[in-house]
Amino acid sequence: MSPIDTSIGPDRARELFRAELADVRTDAELQALRMRWVGRKGSWVAAFMEALATATPEQKKAFGRGANELKNEVEAAITEREAALAATRQPANAVDITLPGRRPAFGHRHPLSLIRDEVGAIFTRLGYQVLEGPEIEDDYHNFEALNMPEEHPARDMQDTLYLAEPLRIGAGQPLTLLRTHTSAMQIRHMEQHAPPVRLVAIGPVYRKDNLDLTHTPMFHQVEGLVVGKGVTLADLKGTLAAMAEALFGTGIGIRFRPSFFPYTEPSAEVDIQCIKCKGSGCSMCKRTGWIEILGSGMVHPAVFEAVGYDPNEVTGFAFGMGVERVALLKWGAEDIRLFYENDLRFLEQFGL
Ligand SMILES: [Zn+2]
């Protein structure tokens with residue numbers, strides 16, 4: 001940078017300025033250039049103005065126009081370069097596209113959701129409708145229509161959670177309880193639809209249970225219902241065998257044990273062959289080779305009468321299975337509470 005010397009004249013000064021401008025790369029350099037050329041004090045333009053003030057008329061003639069042109073050019077050129085620099089400057093929050101990518105943290109599907117969806121998919125393939133239904137129920141749909149009238153001893157089998165205040169919605173019965181089983185949904189569906197019926201209802205149910213290794217006050221049920229002309233116990237057995245194979249692997253055996261439920265007759269508990277020892281006996285199956293998995297039976301005629309079906313015309317089967325129970329067996333877990341404690345070390349073991 002040459003020292004400021006107005007004796008070289010405005011034209012030569014303009015050449016100097018152009019040369020200096022060509023070297024400017026940053027905002028700071030541009031600001032320094034601005035000060036040096038058009039600053040109020042000690043700049044080239046200020047020096048020319050001072051020189052003009054004391055110049056002779058001839059000198060004014062020679063320098064005056066040139067000095068003004070110099071000032072205009074310097075200001076215009078600096079403004080232009082300022083805009084050019086701003087256009088290439090990165091904003092403060094700019095993304096540096098040269099950095100390596102950060103892998104987003106993927107969530108995991110909850111193991112109970114996986115089982116629920118798997119069971120839903122199995123029955124969808126078999127031509128079933130998958131329903132959910134309300135979790136708050138009235139007494140009629142949860143008990144009475146399922147052949148459990150008031151004072152029926154079977155009601156003692158399920159410790160029910162009642163609402164503090166009954167909920168009244170529409171013209172129906174007041175809603176008084178949290179459903180104790182998804183069977184209530186069977187009734188709701190049959191009330192609205194003529195046979196044939198082929199559905200599974202999947203969702204949370206509630207019982208007054210204390211939390212322990214195998215019980216939670218809220219758990220999930222899969223309930224199946226098939227109604228039509230000539231539906232038999234053989235259809236039930238075939239369906240459950242197909243489900244067991246789809247869930248636990250080809251060749252898994254099932255067996256029926258007589259049991260009692262108010263809404264089915266005859267009723268059966270269903271066992272699957274122990275998935276750990278394949279039937280030879282181990283600690284998981286308490287040396288029996290079998291593991292209880294669900295309850296089932298042929299729909300009781302009283303249930304058909306409650307929904308307006310003719311028990312002489314149609315027959316049907318129903319079954320109910322715990323989603324948590326399936327999850328425990330399938331993954332060899334021993335404590336049902338693991339599904340509700342949200343411990344990521346447990347949950348992250350399951351698929352996406
Ligand atoms: Zn076993």
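This is a predicted model: local features need pLDDT of at least 70, side-chain atom pairs count only at pLDDT 80 or more; totals for chains, interfaces and linings use all residues.

Student: How many bridges join β2 to β4, and in which sense do they run?
Tutor: Two bridges join β2 to β4, which covers residues 175-178, and the two strands run antiparallel.

Student: What is the strand order of the open sheet there?
Tutor: The order is β2-β4-β3, an open sheet of three strands with antiparallel pairing. β2 (136-137) and β3 (162-167) are its edge strands, each of them pairing on one side only.

Student: Which strand does β8 run antiparallel to over eight bridges?
Tutor: That is β9, residues 290-299, which is joined to β8, residues 264-273, by eight bridges.

Student: Then how many bridges pair β9 with β10?
Tutor: Five bridges, again in the antiparallel sense, with β10 spanning residues 315-322. G295 stands opposite G320 in β10.

Student: Let me turn to backbone geometry. Which peptide bond at E265 is cis?
Tutor: The bond that joins E265 and P266 is cis, with omega about -5°. P266 lies in strand β8.

Student: Where is P196 found, and what is the bond from P195 like?
Tutor: P196 is in the loop between α7 (183-192) and β5 (197-206). The peptide bond from P195 to P196 is cis, with omega near 5°.

Student: What is the phi of K278, and where is the residue placed?
Tutor: K278 has a positive phi of about 55° although it is not a glycine. Its place is in the loop between β8 and β9.

Student: Why do you point out these spots?
Tutor: Because most residues other than glycine have a negative phi, and most peptide bonds are trans.

Student: Changing topic, how is the chain divided into domains?
Tutor: Domain 1 covers 6-88 and domain 2 covers 111-347. The centres of the two domains, taken over C-alpha atoms, are separated by 90 Å.

Student: At what angle do α3 and α4 pack, then?
Tutor: α3 (residues 44-53) and α4 (residues 57-88) pack at an angle of about 160°, with their axes 10 Å apart. α3 is therefore roughly antiparallel to α4. The crossing in which α3 passes α4 is left-handed.

Student: Which residues in α3 and α4 meet?
Tutor: From α3 there are V45, F48, M49, A51 and L52, which meet K60, F63, G64, A67, L70, K71 and V74 in α4. The contact has nine nonpolar, one polar and two charged residues.

Student: How does α2 pack against α4?
Tutor: α2, residues 27-38, packs with α4 at an angle of about 170°, and the axes are 11 Å apart. That angle makes α2 roughly antiparallel to α4.

Student: Which residues are in that contact?
Tutor: D27, L30, L33, R34, W37 and V38 in α2 meet K71, V74, E75, I78, R81, E82 and L85 in α4. By class, the contact of α2 with α4 has seven nonpolar, no polar and six charged residues.

Student: And what is the angle between α5 and α10?
Tutor: It is about 105° for α5 (residues 111-125) and α10 (residues 323-331), with the axes 9 Å apart. This makes α5 roughly perpendicular to α10.

Student: Which residues in α5 meet α10, and how does the contact divide by class?
Tutor: P111, L112, I115 and R116 in α5 meet V323, E324, V326, A327, K330 and W331 in α10. The residues of this contact divide into seven nonpolar, no polar and three charged.

Conventions. Residues are numbered from 1 along each chain as its sequence is written. Axes are lines fitted to C-alpha atoms, for helices over the stretch in contact, and angles run from 0 to 180 degrees between N-to-C directions. Helices (H or I, at least four residues) and strands (E, at least two) are DSSP runs, numbered from the N terminus. Angles under 35 degrees count as roughly parallel, over 145 as roughly antiparallel, 65 to 115 as roughly perpendicular and the rest as oblique. A crossing is left-handed if the near helix is turned anticlockwise from the far one by less than a right angle, and right-handed if clockwise. Two residues are in contact if their C-beta atoms, placed from the backbone, lie within 7 Å. Ala, Val, Leu, Ile, Met, Phe, Trp, Tyr, Cys and Pro count as nonpolar, Asp, Glu, Lys and Arg as charged, and the others, Gly among them, as polar. Two strands pair if DSSP finds at least two bridges between them. Domain bounds come from an automatic or database domain assignment.
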